[in-house]
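Opening the notebook on this one. I'll jot down what I look up as I go.

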Amino acid sequence: MAQTNLSFDTFILAAVAAELRTLAVGAPVQKVQQPSPTDLVLSLYGHAGAQRILISSDPRTYRIHRTQVRRENPVTPPGFCQVCRKYLEGAVLAEVTMPRFDRLVHLIFQTPDGGRITLATELMGRNANVILCTEEGTVRGAIRPSPAGSTRPVRPGSAYALPPGFTTGHDSLTVISPDDPIFETLPMEINAAVKWLSGTFSGISGFAAEEIAVRAEGEVASVPDVFVALMDSVRNGRFTPHSVATEDGAATAGVWAFAPLSISPGRRFERENISVALDTFYATLLQHNTEESDRTTLEKAVAREVAFRRKELASARATLAEAERADEYEQMGSTLLAYLGQVRKGDTSATLPHLFGEDGGEVVIALDPVLTPHENAERYFTRSRKARDAADYASDRAEGVAEELAELERIGAALGRAEETAAVEAVRAALT
């Protein structure tokens with residue numbers, strides 16, 4: 001069975017929801033911040049002390065969890081942040097619900113005037129969103145508003161609707177017995193059973209389906225019992241969060257809500273709670289992404305400078321090649337002056353005796369038919385002077401550009417080998 005990469009799946013979301021019910025329900029919202037276009041932070045204070053809830057709709061790092069990481073906020077809060085402050089500051093977190101076992105959680109707040117308002121967190125990959133809506137279902141704002149004309153309008157004043165496809169698949173939480181008729185169609189081959197699990201039930205990622213198969217020890221007959229036992233743990237809020245290390249053990253590869261038995265024991269580590277595991281993992285991941293972004297920016301800068309130097313070097317060498325023909329141009333101009341009577345305006349070329357040839361003979365001289373014979377001669381004298389004038393500069397410039405190009409190529413090679421942040425910064429300094 002092929003192992004699927006870890007991601008923020010529904011089991012992780014269920015673990016976060018259970019944690020928020022224990023630590024944050026009953027706490028009033030003291031502050032709302034939006035440090036980035038896709039991230040919202042709610043600061044609450046209740047019976048369990050201060051809690052900061054990060055909600056991210058980033059298409060790649062979508063998530064929700066308590067966080068200890070503090071980030072700078074813009075001087076002027078974005079529009080969605082202002083709307084959330086208006087409705088949420090002073091409101092009390094009353095409920096944390098999941099409409100079904102899928103990546104959607106509702107944070108429901110009791111407002112000071114006795115009303116209710118919901119922050120719908122939809123962690124649907126590239127369509128991830130955070131939407132504020134009233135008890136009646138009217139959207140007040142969205143962190144990622146839909147464009148005009150969308151099939152699912154998510155804009156202030158529109159009616160809130162569940163994401164498209166949200167009700168696809170059998171709700172995993174409704175399966176309470178291994179004798180449920182849904183299992184009658186379970187394939188009898190384990191690999192097919194894994195695909196069937198993720199394709200039949202809501203919230204069962206490829207990784208979770210693999211886990212169920214491993215816990216069933218590869219026996220299809222045991223899959224229903226394992227599935228129900230796992231969902232019982234979700235229903236009862238019994239989670240054992242784990243971090244998972246990469247193959248080489250140098251970094252964290254992901255997080256899961258239970259002990260991932262498909263991962264070797266040496267690579268999985270139980271954590272204090274799901275938020276600590278997630279906060280640590282994403283802080284490291286985002287730092288790595290930032291470093292990779294810096295590296296990419298430097299690589300593009302080096303490539304741009306290398307391309308410019310190569311073009312400049314080619315130009316200097318072309319100038320030097322032109323300079324080598326300075327004598328030839330002067331000879332052509334002199335030959336035209338000597339035989340002006342044999343050349344007519346409108347000719348595109350002239351075949352004349354070669355005044356400067358060692359063995360005599362003839363030379364073919366290209367002409368501009370628009371110019372007079374005399375003007376064509378002057379044109380060759382001008383080209384000769386320009387070629388000689390540019391020769392010295394082009395020679396020095398070609399040498400200097402060649403040295404710069406060699407240095408830039410050395411910097412590019414060093415960047416390709418750089419593994420540590422300090423090494424990348426050294427390359428940046430060298431480039432500057």
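Which residues have the most contacts inside the largest nonpolar core? Before I answer, a reminder to myself that this is a predicted model. The core counts 78 residues, and Phe-11, Leu-42, Ile-64 and Leu-119 are the ones with the most contacts inside it. Helix α1, residues 10-23, gives the most to this core, with nine residues. Apart from this core I found another one, of twelve residues, including Tyr-339 and Ile-365.

I then looked up Phe-11. Leaving out residues up to four places away in sequence, Phe-11 touches, among others, Phe-101, Ile-204, Met-231, Trp-256 and Phe-258.

Next, the open sheet. I read five strands in the order β5-β6-β7-β8-β9, with antiparallel pairing. β5 (92-97) and β9 (139-142) are at the edges; each has a single partner strand, so one side of each lacks a neighbour in the sheet. Ignoring direction, neighbouring strands are turned by 20 degrees against each other on average. β5 pairs with β6 (residues 104-110) over five bridges, and Val-96 has Leu-107 in β6 as its bridge partner. I also see helix α2 (residues 79-88) lying across β6, β7, β8 and β9, at about 40 degrees to β8.

Last stop, Gln-51, in strand β3 (residues 49-56). Is Gln-51 buried or exposed? Gln-51 is buried, at a relative accessible area of 4%. Beyond its neighbours within four places in sequence, I list contacts with Leu-23, Leu-42, Ser-43, Leu-44 and Arg-66. Leu-23 is 28 residues away along the chain, with 7.9 Å between the C-alpha atoms. The Gln-51 side chain reaches the backbone oxygen of Ala-48 at 3.2 Å.

How values were computed:
Residues numbered from 1 in each chain as written. Predicted model: local features only at pLDDT ≥ 70, side-chain atom pairs only at ≥ 80, totals over all residues. Heavy atoms only, no water. Helix = DSSP H or I, 4+ residues; strand = E, 2+ residues; numbered from the N terminus. Buried < 20%, exposed > 50% of the residue type's maximum accessible area, 1.4 Å probe, protein only. Contact = heavy atoms within 4.5 Å. Polar contact = N/O pair within 3.5 Å; in protein donor to acceptor, adjacent residues only side chain to side chain. Core = buried A, V, L, I, M, F, W, Y, C linked by side-chain atoms within 4.5 Å. Pairing = 2+ DSSP bridges. Axes fitted to C-alpha atoms, helices over the stretch in contact; angles between N-to-C directions.
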